[in-house]
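Visitor: I would like to learn how to read charges and patches on a protein model. Where do we start?

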Amino acid sequence: MTEILETEAEANTRRRAQVRNSLSRRNRAEQRFKLLGLGSVLAAMAFVAVLFGNILTNGLPAFWQYNVDAEVYFDPEVINVPDVPVRQAGQSEADFQAEMLGWQRRLAMVNWNRILVASVEGALAEAGADTEIDARSAQSIIDSGARFVLRDMVLADPAIIGERREMRLLLSADGDNWAKGKLSRDLPDDRQQLSRPARDAIDRLEEAGIVHRAFAWHIFTNVDSRSSPASAGLAGAFVGSFYMMLVVILLAVPIGVSSAIYLEEFAPKNPFTDLIEVNINNLAAVPSIVFGLLGAAVFINIFHLPLSAPVVGGLVLTLMTLPTVIIATRSALRAVPPSLRQAALGIGASKTQMVFHHVLPVTYPGILTASILGVAQALGETAPLLLIGMNAFVANVPATPMDQSAALPVQIYLWQGNENRNFFEERTFAAIIVLLALMIVLNALAIWLRGRLERKA
């Protein structure tokens with residue numbers, strides 16, 4: 001009997017030891033899984049931090065550019081134009097406009113570079129520079145877009161002819177590169193992008209505090225420019241992207257949500273609807289460049305919509321966004337408990353009332369989030385826009401969605417391929433920062449609206 005008890009006690013001890021060992025193994029496996037999960041999250045955050053750190057490090061300096069504070073003399077001997085026309089009594093509107101256009105043409109033909117050269121020479125004299133600078137070197141210091149600024153000032157107020165104005169003139173792209181130290185000072189003169197007098201003048205003006213850095217607001221207010229790259233901006237591309245997103249919101253969201261509601265709540269289950277569902281799922285995986293080919297073939301070649309127009313880009317992005325909105329909306333509808341539908345029908349509601357009065361209000365957070373995320377994804381698409389011609393150089397802000405325009409992702413693509421890599425590399429990263437900021441704002445808006453609607457629900 002004693003031997004039997006001892007045997008049972010040993011067996012119980014072995015079983016307890018096995019259970020403890022099994023628990024220890026499971027606990028160790030759970031700890032390993034937690035550590036692997038934590039490591040994966042930390043690795044992902046590290047990669048994101050490296051990505052954003054690289055973008056910010058390279059892009060933030062582009063938001064500050066060098067300017068020169070100089071006195072500009074609107075020399076009447078250089079601006080040799082007659083007095084601004086005044087409409088005479090009895091003069092027709094057409095004759096007055098023709099006279100005004102002739103005066104504006106005379107103003108445009110003024111040698112504004114002479115005024116800029118004189119301003120640079122005056123700034124050097126103020127800085128106490130003992131070296132002379134030739135006209136060509138002086139022109140290479142100032143951004144070529146400055147002459148249009150002077151012309152527009154005279155056009156707006158002809159009375160300033162003969163006056164002196166303190167102005168902040170933007171340095172040229174090469175001048176900005178030199179001031180920022182992005183050009184090697186060890187290269188011989190024949191390999192430098194600026195002449196020796198121009199480089200010495202920038203250094204002397206910087207030492208005197210006449211050349212200094214300032215925030216480049218023109219990045220947000222100017223359009224792209226090839227003749228004056230230092231003053232090139234994102235205004236045209238920003239407005240073009242806004243028009244495209246407007247088209248996407250007005251078309252993709254109502255069409256996608258309505259299609260999802262019909263397919264999930266009202267459509268009969270038959271092979272035809274099954275085929276539609278399969279094709280929707282397949283369209284969600286189609287590469288974006290295929291939608292660009294479809295847009296070029298249908299909207300441009302068949303419907304003859306204007307090339308490079310935001311309305312065409314918006315239609316292409318609408319086709320690309322529709323599957324995402326439909327699938328996400330159907331998932332939100334499926335997540336509604338069947339008891340809610342049964343309760344609505346049980347109190348006498350029709351099927352339409354059940355869907356629109358009881359089911360949809362519950363799914364608003366998911367539908368809204370899916371719609372905003374789909375729009376944010378469309379905002380960053382580049383490939384389909386290239387195929388409908390939105391990579392063309394457009395130096396104006398589109399007034400309507402039918403006007404030619406660029407888009408933010410396409411502008412990034414164009415600046416990335418610019419031959420002046422020293423200057424446009426920073427400008428490319430700056431445009432990426434603007435695009436990412438817009439996408440982050442849209443995502444934050446989706447999160448905020450989702451939380452607000454969930455609290456109401």
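Guide: Start with exposure. Buried means under 20% relative accessible area, exposed means over 50%, and partly exposed lies in between (1.4 Å probe, protein chains only). Ile440 has 47% relative accessibility, so Ile440 counts as partly exposed. This is a predicted model: local features need pLDDT of at least 70, side-chain atom pairs count only at pLDDT 80 or more, and totals for chains, interfaces and linings use all residues. Residues are numbered from 1 along each chain as its sequence is written, and side-chain values use heavy atoms, with hydrogens and water left out.

Visitor: Where is Ile440 found?

Guide: Ile440 sits in helix 17. Helices (H or I, at least four residues) and strands (E, at least two) are DSSP runs, numbered from the N terminus.

Visitor: Which residues form the nonpolar patch on the surface?

Guide: First, the rule. Patches are made of residues with over 30% relative accessible area and no salt bridge; like charges are joined within 9 Å, nonpolar side chains (Val, Leu, Ile, Met, Phe, Trp, Tyr) within 5 Å. Accessible areas come from the Shrake-Rupley method with a 1.4 Å probe, and for residues only the protein chains shown count as cover. Here the patch consists of Val48, Leu51, Phe52, Leu56, Leu60, Trp64 and Ile440, with about 590 Å² of accessible area together. Helix 1 gives the largest share, four residues.

Visitor: Which residues form the positive surface patch?

Guide: Lys and Arg count as positive, Asp and Glu as negative; His and the chain ends are not counted. A charge is placed at NZ of Lys, CZ of Arg, CG of Asp or CD of Glu. The positive patch is formed by Arg14, Arg15, Arg16 and Arg20. Of these, Arg15 lies in helix 1 (residues 2-59). Arg15 is partly exposed, at 48% relative accessibility.

Visitor: How many salt bridges are there?

Guide: Side chains of opposite charge can pair when their charged atoms come close. A salt bridge is a side-chain nitrogen of Lys or Arg within 4 Å of a carboxyl oxygen of Asp or Glu. The count comes to 19 salt bridges. One of them joins Lys180 and Glu426 (3.3 Å, N to O). That pair links distant parts of the chain, 246 residues apart: Lys180 is in the loop between helix 6 (173-179) and helix 7 (196-207), Glu426 in helix 17 (residues 421-456).

Visitor: Is Glu426 buried or exposed?

Guide: Glu426 is buried, with a relative accessible area of 14%.

Visitor: Which residues are linked in a network of salt bridges?

Guide: Glu264, Lys269, Glu277, Arg330 and Arg334 are. Within it, Lys269 pairs with Glu277, their closest N and O atoms being 3.9 Å apart. Lys269 is exposed at 61%, whereas Glu277 is buried at 17%.
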